[in-house]
There are 2 protein chains.
Amino acid sequence: MNQPPERNHVSNTERGYMKSRIWKLAVCIAVPIGILLLPVPKGLTLVAWQLLALYIAAILGLLLRPMPEPAVLLAVIGVSSICFRNSATMLAGYTSSTVWLVFCAFMIGTAIVQTGLGRRFAYVLIGRMGKGTLGLGYVTACTDLVLSPVTPSNTARSGGIIFPIVRSLADSLGSKPGATSRRVGAYLTVLLYQISLTTGYIFITGIAPNFLSAKFGQEILKVDITWLLWFKAAVVPGMICLLVVPLLVYWMYPPELKSFDSRELSKKGLADLGPFSRREKVLSVLFVLAILGWATGGITKIDATAVAIAFVGACLVLGVITWDDLAVTKGAWSTFIWYGGVVGLADGLAKAKFFDWMAKVLSSSFNFNGINGILTLAILVLVSLLVRYLFASMATFVTTMVPVLLTLALVAHAPVYPAFFLIAFAACYGCVLTHYGGAVGPVLFGEGYVDQTTWWKIGAVFTLFSFLIHMTVGLFYWKLIGLW
Amino acid sequence: MNQPPERNHVSNTERGYMKSRIWKLAVCIAVPIGILLLPVPKGLTLVAWQLLALYIAAILGLLLRPMPEPAVLLAVIGVSSICFRNSATMLAGYTSSTVWLVFCAFMIGTAIVQTGLGRRFAYVLIGRMGKGTLGLGYVTACTDLVLSPVTPSNTARSGGIIFPIVRSLADSLGSKPGATSRRVGAYLTVLLYQISLTTGYIFITGIAPNFLSAKFGQEILKVDITWLLWFKAAVVPGMICLLVVPLLVYWMYPPELKSFDSRELSKKGLADLGPFSRREKVLSVLFVLAILGWATGGITKIDATAVAIAFVGACLVLGVITWDDLAVTKGAWSTFIWYGGVVGLADGLAKAKFFDWMAKVLSSSFNFNGINGILTLAILVLVSLLVRYLFASMATFVTTMVPVLLTLALVAHAPVYPAFFLIAFAACYGCVLTHYGGAVGPVLFGEGYVDQTTWWKIGAVFTLFSFLIHMTVGLFYWKLIGLW
């Protein structure tokens, strides 16, 4: 695509890539046009039908990926602003506080990586607690958990901060991909993936697509999901899963090396980082303030987005990070552009009463009468987990399936809060079913410590375990705190 | 700021920089707090007063620059979202079509640079027309003019595309900074600066801060500035200035070398670029379509922003640029963040009726009765040009002074469209008064071809010339086309 001008011959691979790209683009364009040629279904306005065609174009673009997600959304926004002769509607998503929260949290993640605070925290914990391999598993979980409220890019958190440390630890213990992988490296790698997608849903700020789930929950189930409510709902089932997973993987896929001394690695790592800098100290204070700000949002009436923007502003004013650091955080901009586009589309569909119409159609197609709402939910979530094998990204899954799942839950008269949380949490932990389910998967799996069969097997067992915990302890606990 | 953690001693320069930074931050924080401690003036709501304090904090931040512009705005938005317990109001600017138009145009500029289309165009023109030094001056003006509707970063256009070519041409003619600078390099460098800030106001998309001027025009004078109206108003006075400036500089600051053959350079440059690529061809077509789209916006009812977003979308779909190219366009993101912030604040102030209040206060302080509106305008614009020596950026000048100037024009009962255009255009051509007035200035001046006295002298003469043309031909022409 982006080849220098002097290059004239196109290689065969590139030609193949171009061909598949053209084929994918053709599908993304033809299907929505096909939809527009059909008569508008009864009960739906023309605008809603057109928006649906655009939304399907976006979904196809996200699934087939002829180009990166933000490019897909910019193209869809471009088409729609021309067709609707109005760019304002489609841009509404970019003022959404949801989009800004995830954007700012990305920026905060940059600060955690840049200052070295994340690595320092990991090294300190490893030095203090990581005496045996199982202990190290718990240290990994704990580190990931502590960083997760401010790093919605779990690729940055687990892949960027923690995995390099785990990798060098395994290396120093003589465990490399191949013959020695099972000594310790394989255990820690696959475990880190399961951990990352569990901490990912304990906080709404733990993984970016949670915000899209919350948006759809608001549009379809009319639930108001604050930072604190999400945490309250997730903490009990989530913490159980997080506490069990190091042991579960230890049992299913035992490392050969059971105990060792990790103090050396910790000491060396900390020496490399140098003394605790002013920037790290300031960031630690801001970090605590942000958690406090989010946790007390219900009392102070300061919304989570305001806290996040103020966090970023404070980091800039106090010199923790510079604007130049933020301006090159490609992930933050990409997320901003494509989430903003999806949120704009979803808002448009909601305003055009599309979701109401979908609920009506689904309730006349499915007969949920007399069937228990909770049982329906269980089936819905199980189905949503089965189709996960087809999805190469959590955000694509959320964009495609979550609106449908939430609408089905609505028409089945399932209790709304349990319905929302069961579906939203499963959207996150379901990533572990494959090595491509969550963005951090390829990073960890690609290192080559673990074979695919093992990876998928452990993923399936842990997904099933998480599902059962949420359906039992989760539901019971949510009843206890009055969510249904 | 962004020093690696292992570095412990801070150099003296850095300590000095930190000190001046702290001092600047203190002013940015203390002044707004001082304002908030004063009683709210009669006729103004508390919210408007608080917004004014935030706006003044932003202006001080832009003037003193303790950190880059987007960082200043993010900090202001952070503070205001906490104080107002509401992040939505402050984020409203990010859905503004003004902000998106400049953002997308930045992206288009990236495509023009990346594909080499801009350079190719310049080389072709130089080969065809650039026989003598004066001719080359006109070629430079023509190239800059053609690129200007799609490159609101005139730093990218004049500094990034054209200047490197001019520089290598001067080099090849034996004109380097120092003893040989006057051969041809000095003439072309200072001329390019004057050209860049003239093409900058012929199209609203020619330089980014034009959009802020248009926003203030809409808020204060209630004028509706479309892409086409701006062009119609600017084309006659702007083209006169553009046609005169190569001759004016030639006369004031004659190059020693009057004629030479530039075909060699053109041939070599084109050979380096290779054959006219598919990407460049597609981009050329899209370029023409965009200009057509903007020019026919009044008939098709497709707004300029929709055209720009569709342009970017088409570039992505057709493989002219990739998302990765766009994601690293730092200038686009910086502009997006800080313009969005300023527009959000300006919107807030307008909604809180701040500008109405300012008009009332100014009209009771100044007695404009019996004074001719046009005369007042002439004085206003002259004063605005005099204070330009204090401003190191056009956008800062627009943010600080244009709302005041427009309000004064309003209370003086000057005709609104001439008032708007005289002030908005002067905000652009006024940059040439100093070598730091426009962002491209330091790039060109820094090369060392021209001394400061000459630079300022030529700038002053051309500014005065532009002012006179706008006050005479401009006003007459605007009367002719019914703008007053």
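Let me begin with a term: a residue counts as buried under 20% relative accessible area, as exposed over 50%, and as partly exposed in between. The structure above is a predicted model, and with that in mind I would like to start at Arg65(A), which sits in the loop between helix 2 (46-64) and helix 3 of chain A. Its relative accessible area is 43%, so Arg65(A) is partly exposed. Most residues other than glycine have a negative phi, yet the phi of Arg65(A) is positive, near 55°.

Lys301(A) also has a positive phi, near 65°, and belongs to the loop between helix 14 (297-300) and helix 15 (304-317) of chain A. With 57% relative accessibility, Lys301(A) counts as exposed.

Now to the largest pocket, which holds about 840 Å³ of space. Among the elements giving two or more residues to its lining are helix 3 (69-83), helix 5 (97-115) and helix 8 (154-172) of chain A, while helix 17 of chain A gives the most, with seven residues. The lining has 37 residues, and those nearest the centre are Phe106(A), Thr155(A), Gly331(A), Thr335(A) and Ala439(A); by class, 21 are nonpolar, 12 polar and four charged. Because domain 1 (3-93) and domain 2 (116-274 + 353-480) of chain A both contribute to this lining, the largest pocket lies between them.

Finally, the largest nonpolar core has 371 residues, and Trp100(B) is one of those with the most contacts inside it. Setting aside residues up to four places away in sequence, Trp100(B) touches residues of chain A including Leu74(A), Leu91(A), Tyr94(A) and Ile337(A), as well as residues of chain B including Tyr94(B) and Phe336(B).

Technical notes
Residues numbered from 1 in each chain as written. Chains lettered and ligands numbered in written order. Predicted model: local features only at pLDDT ≥ 70, side-chain atom pairs only at ≥ 80, totals over all residues. Heavy atoms only, no water. 1 Å grid on protein atoms, 1.4 Å probe; cavity = no way out; pocket = protein on both sides within 12 Å on 5 of 7 lines; lining within 4 Å. Points joined across faces, edges and corners; volume = space filled by probe spheres on them. Helix = DSSP H or I, 4+ residues; strand = E, 2+ residues; numbered from the N terminus. Nonpolar A, V, L, I, M, F, W, Y, C, P; charged D, E, K, R; others polar. Domains from an automatic or database assignment. Core = buried A, V, L, I, M, F, W, Y, C linked by side-chain atoms within 4.5 Å. Buried < 20%, exposed > 50% of the residue type's maximum accessible area, 1.4 Å probe, protein only. Contact = heavy atoms within 4.5 Å.
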